[in-house]
Amino acid sequence: MVHAFLIHTLHTRSGDEAGLCRVLYSRVFGSERLDQLAEEPVPRDLEKERLGRKEQILAVARQVDSACKLLHQTSGRPASDFLIQLPDEPISLQDAPAGVFRLPPGDPFCENKTVLWLGVLSLGFALVCDPHENLMLAENTLRLMVKCLLEHLKLLSQGSDVVLKADKTEIILSKFLPHGQLLFLNDQFVQVLEKELSACLSK
Amino acid sequence: MFTAGAESLLRQAREIQDEELRKFSSRITSLLQNNDLGNETIDCLQRLFLIVSVTKYGRKLDSKFVELLQTVMCLPRCPQQVQVLCAAILREMSPCSSLTLSCDEIQDAKLLSLVSSVLLAQGNKKAEVSAVGQRVVKVLEGRLPEGQSSRHLLPLLSKIISLSPASLTEDQTNLVNKRMVDWLRYASVQQGVAQPSGGFFSSPRTRQPGPITEVDGAVSTDFFTVLSIGQCYTEDQWLNVQTFSMLREWLQSYGSDGANSPHSDDKSEVDGSVMSMVSATSTSSRLLPPKERLREKAFEYCQRLIEQSNRRALKKPDGDLQKACLIEAITIMDIICRQDSSYVYRTLSCLKILHGRISGDLAYARALLPIAQFFLNHSETAAVDSEAIYKHLFTRIPAQLFHSPVLAFEFIQFCRDNVRFCTENLSIFRQSFPNLFKLLAWNSPALISEFVDLLPALLGADTAIEILHLLLDLPCLAAALDIQLRSASTPISERAAWDPAAKPASCLEAFRHPLYRSMFQYLLRVEAAPRDSPERLVPLRQLLASMADCPRVVQAADTVPVLLHLFFSVVVEFADGPLVNQLVLVLLERSEQLYEIPAFKADVHRVLSSQLVLLCKRHPSLVVELSKELLEFAGTIGNIRNKEDIFTYVVWAIGEYMSLACDERCTVEQINKVFEVLEAMLFEMVPLRPSASIPTCSPRVITVLMAMLTKLATRSQDLIPRMSLFLSKMRAFFQSPAMISVYSEDSEEILARATELMNLLKMPSVAQFVLTPSVEVASPRFHRDTNVSLPLAMKMATRLLERGTGFVPG
């Protein structure tokens with residue numbers, strides 16, 4: 001199962017060193033803390049729990065950012081290569097930088113997690129999976145979702161953003177990653193879902 | 001993408017004040033209360049979501065407002081966008097104490113799914129997980145109203161059991177087991193009927209749906225699976241896909257017999273005498289309890305998937321799915337066999353055939369890992385020899401697919417997960433460390449922390465020396481792998497014909513050049529080769545130096561110091577005398593032969609010199625045993641400049657451990673000889689005769705040499721007058737204006753040290769005590785030693801008795 005999905009900024013140019021990594025959207029499926037309490041919890045504890053969750057996601061985003069930077073270094077292509085995109089050219093996710101790493105228990109999640117990430121121009125997309133998840137399926141799902149997000153949120157057009165489009169993002173997530181469940185969808189199923197999606201989102 | 005506009009939006013959202021937020025919320029309240037759920041409301045809700053989610057610290061929303069959001073979300077004809085945004089806002093606020101949502105009365109599957117996502121985000125403080133679980137099962141049990149689909153509920157169920165398997169009772173799991181059997185095995189094999197698009201020209205008679213097909217277009221002749229293709233799908237076919245997607249999690253949580261033991265990773269512990277080779281056949285399966293029946297059907301489904309993965313998919317995404325299905329099917333079969341060992345024989349034969357089919361196909365390499373895991377878990381119980389499978393895995397896969405980051409990651413995870421089994425039972429694991437290092441060399445940032453866990457398992461008395469050499473050559477390995485890849489992608493026609501006598505013009509040419517080919521082959525070997533000598537790599541290292549600024553090579557070089565440190569800390573625990581000697585020799589030899597990256601060399605020298613200290617402390621006698629080599633090293637003037645760290649520590653080691661106390665074989669002649677060599681070195685560095693040039697070297701080297709020479713002198717007392725004379729000359733020299741100008745403040749320190757040592761030498765026995773203390777004195781424990789502690793105790797007693805009450809303050 002997938003524990004969380006996030007979209008964040010990537011800094012691929014060395015000039016962006018000063019810029020912070022910003023989490024633009026995050027969805028955590030379910031909660032890590034599952035202790036049943038006898039009495040009413042103090043508001044401050046609830047705040048702390050929320051804060052902890054936000055910080056965990058930020059930690060993941062930062063790690064993906066640095067992993068992406070290191071990968072860019074090794075590719076040897078100038079960083080500017082990754083930032084120019086002609087408007088009508090369909091983006092090929094085959095060459096998009098991608099990777100995987102493990103988060104040991106306690107750092108930052110309570111248990112072991114595996115992070116699968118994909119970078120498209122200046123945005124990073126990451127899946128935080130449970131250990132021993134089917135990574136092949138997770139990779140396929142991530143690519144599929146990123147393609148849908150790029151298309152329906154029109155992220156490649158000039159001046160378009162991922163913020164203020166949370167409803168579309170949520171609907172796309174609910175189709176392809178409902179409650180964090182990875183689905184074994186063959187191409188026809190995907191097409192049916194995409195048709196349903198276009199119908200929903202065009203309203 | 002991420003524009004400046006977005007950046008400023010985020011900043012505004014972060015900086016919005018509580019008062020403004022209150023006004024905004026009341027605006028939304030009025031819109032919602034007027035049942036205005038149009039574009040303006042949606043826009044406002046989107047902004048509210050941004051405000052609530054953008055800050056780390058939570059925003060306070062009025063509890064009445066929260067209630068309103070909950071009500072609107074549950075309205076029967078609420079537009080999907082509004083519903084989704086309300087749910088998202090409520091989730092962002094979680095855990096929230098003012099939430100009054102409950103799933104108890106909800107009949108609508110879609111709404112239940114949405115409401116549950118908010119409830120699950122609360123963290124189970126009020127047993128939300130269990131409540132949702134109960135509701136979901138209840139809805140699944142009953143008949144859903146027209147137009148609704150259970151397919152929104154299965155992922156929710158899957159989430160619940162992954163969070164807390166104990167939320168469902170046995171009756172409930174049995175019910176779900178029964179349903180899952182139906183969905184998995186008995187889904188329709190006809191294509192679904194497309195919803196008529198309506199319109200004036202559409203024919204009222206819809207076309208008869210055809211049968212489903214396989215991924216290669218052939219008509220399907222067996223039951224429906226995730227690899228079955230149709231133009232349009234029926235409800236039960238959807239449920240088939242969802243059921244398979246959650247099957248692994250379900251079986252792990254509820255499939256095992258006895259008390260709930262979710263996610264147990266133990267190898268199957270089966271009493272061999274109960275092994276049955278004949279598993280339940282289909283005809284009698286109806287008599288099986290639901291759990292066992294599900295197991296049976298799941299097994300059949302997996303077998304069918306394995307068979308379906310043999311077909312050539314017409315579309316690439318289907319091909320990718322085939323691989324994912326294969327991996328999942330093997331993993332599920334592994335779980336089934338752990339729960340019921342009667343399936344083991346059937347699975348073994350099936351997987352052996354599968355392995356034969358895919359072992360030559362690199363595209364399916366990732367499926368080899370779960371196959372190997374299966375054999376690892378079950379071959380013992382089945383007494384089957386799986387050596388060939390492990391050998392193929394360890395020798396072929398890393399060598400051919402090191403450049404695939406996800407495969408490299410999964411491979412290393414496999415090693416880590418099974419490290420105990422691999423070290424105890426698989427000799428091929430330790431022997432294939434060169435292959436494992438290839439994965440690290442290519443993917444260093446991602447895999448370094450995994451390797452820190454794995455390296456200790458690879459180290460043994462038989463592999464230590466070779467691993468040390470390979471570790472020091474990690475950047476070379478990265479460079480060689482790069483050349484190997486580039487060479488493989490250059491077409492044969494482009495590869496220039498070489499003249500064997502001429503030197504290769506580039507690294508790429510050198511790869512095929514007869515002079516260098518065997519060196520490349522040695523570096524890129526797949527198994528340990530202890531008899532080969534790493535010295536043959538010297539020309540190759542020089543050739544590859546041209547790639548020193550290649551980022552991948554630099555990244556590989558960065559991981560070496562930390563691994564070296566780990567290496568020595570592990571090896572020193574089990575190394576015996578001869579091995580330690582070998583290690584020191586390698587250390588001395590390789591300090592010269594390192595890959596040409598200045599920062600890399602400096603770091604490695606630093607680590608090696610500190611490790612030398614460690615080795616000497618463990619085995620002090622190594623200094624005497626290796627005195628010849630150490631002296632040769634210390635006597636080479638070039639070493640002072642190039643390898644100052646190591647030189648300093650070698651000299652220190654000689655001075656410290658070349659004594660009778662450390663090794664009985666130490667003779668006075670040896671000490672005299674060592675003294676002469678070191679004295680000559682000091683002469684070189686500090687020319688006491690006037691000369692045109694004054695060479696400079698680090699003051700630390702000078703002081704260390706002085707101190708060590710003095711130590712040696714105290715052990716062979718004939719040398720004392722010679723040393724005293726030398727020291728007085730040193731003093732005079734360092735008081736001269738020329739030296740002061742060169743060494744500035746350091747010359748004072750050197751002077752002070754020289755004076756100290758001189759004074760010590762005036763009292764030989766004291767000097768010996770100070771400079772070469774015996775073990776008991778070197779680590780004093782005055783309070784334990786009865787002789788030493790008696791005076792102290794008496795003193796203390798006297799004071800107490802004499803002073804009386806006045807001794808205790810206050």
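# Helices, cores and backbone angles

Q: What makes the reach of helix 37 of chain B close to the expected one?
A: Helix 37 (residues 745-761) of chain B has 17 residues and reaches 25 Å from its first C-alpha to its last. Helices are DSSP runs of H or I with at least four residues, strands are runs of E with at least two, and both are numbered from the N terminus.

A word on the model. It is predicted: local features need pLDDT of at least 70, side-chain atom pairs count only at pLDDT 80 or more, and totals for chains, interfaces and linings use all residues. Residues are numbered from 1 along each chain as its sequence is written, chains are lettered from A and ligands numbered from 1 in the order in which they are written, and side-chain values use heavy atoms, with hydrogens and water left out.

Q: Why is Tyr301(B) called buried?
A: Buried means under 20% relative accessible area (exposed is over 50%, partly exposed in between, with a 1.4 Å probe and protein chains only). Tyr301(B) has 1%, so it is buried. Tyr301(B) lies in helix 11 of chain B, and among the residues that Tyr301(B) touches are Leu184(B), Phe223(B), Val226(B) and Phe244(B). Touching, or contact, means heavy atoms within 4.5 Å.

Q: What makes helix 11 of chain B mostly covered?
A: The count does: 14 of its 19 residues are buried. For chain B as a whole, buried residues make up 52% of 810.

Q: How do you know that the axes of helix 11 and helix 12 of chain B come within 9 Å, and at what angle do they cross?
A: Axes are lines fitted to C-alpha atoms, for helices over the stretch in contact, and angles run from 0 to 180 degrees between N-to-C directions. By that rule, helix 11 (residues 290-308) and helix 12 (residues 316-339) of chain B cross at roughly 145°.

Q: Which residues of helix 11 of chain B meet helix 12 of chain B?
A: Ala298(B), Phe299(B) and Ile306(B) are among them, and the residues on the helix 12 side include Leu326(B), Ala329(B) and Ile332(B). By class, the contact has eleven nonpolar, four polar and one charged residues. Ala, Val, Leu, Ile, Met, Phe, Trp, Tyr, Cys and Pro count as nonpolar, Asp, Glu, Lys and Arg as charged, and the others, Gly among them, as polar.

Q: What covers the buried residues of helix 37 of chain B?
A: The cover includes helix 34 (699-715), helix 35 (719-735), helix 36 (737-743) and helix 38 (764-771) of chain B. Among the buried residues themselves are Ile750(B), Leu751(B), Ala754(B) and Leu757(B).

Q: Which residues touch the most other members of the largest nonpolar core?
A: Phe5(A), Phe394(B), Leu544(B) and Phe567(B) do, in a core of 323 residues. A nonpolar core is a set of buried Ala, Val, Leu, Ile, Met, Phe, Trp, Tyr and Cys residues joined through side-chain atoms within 4.5 Å. A second, separate core of 17 residues includes Ile57(A) and Val115(A).

Q: What is the peptide bond from Asp107(A) to Pro108(A), cis or trans?
A: It is cis, with omega near -5°. Pro108(A) sits in the loop between strand 3 (98-103) and strand 4 (113-120) of chain A. Another cis bond joins Ser94(B) and Pro95(B), with omega about -5°.

Key
Expected span 1.5 Å × (residues − 1). Lists of a residue's contacts leave out its neighbours within four places in sequence.
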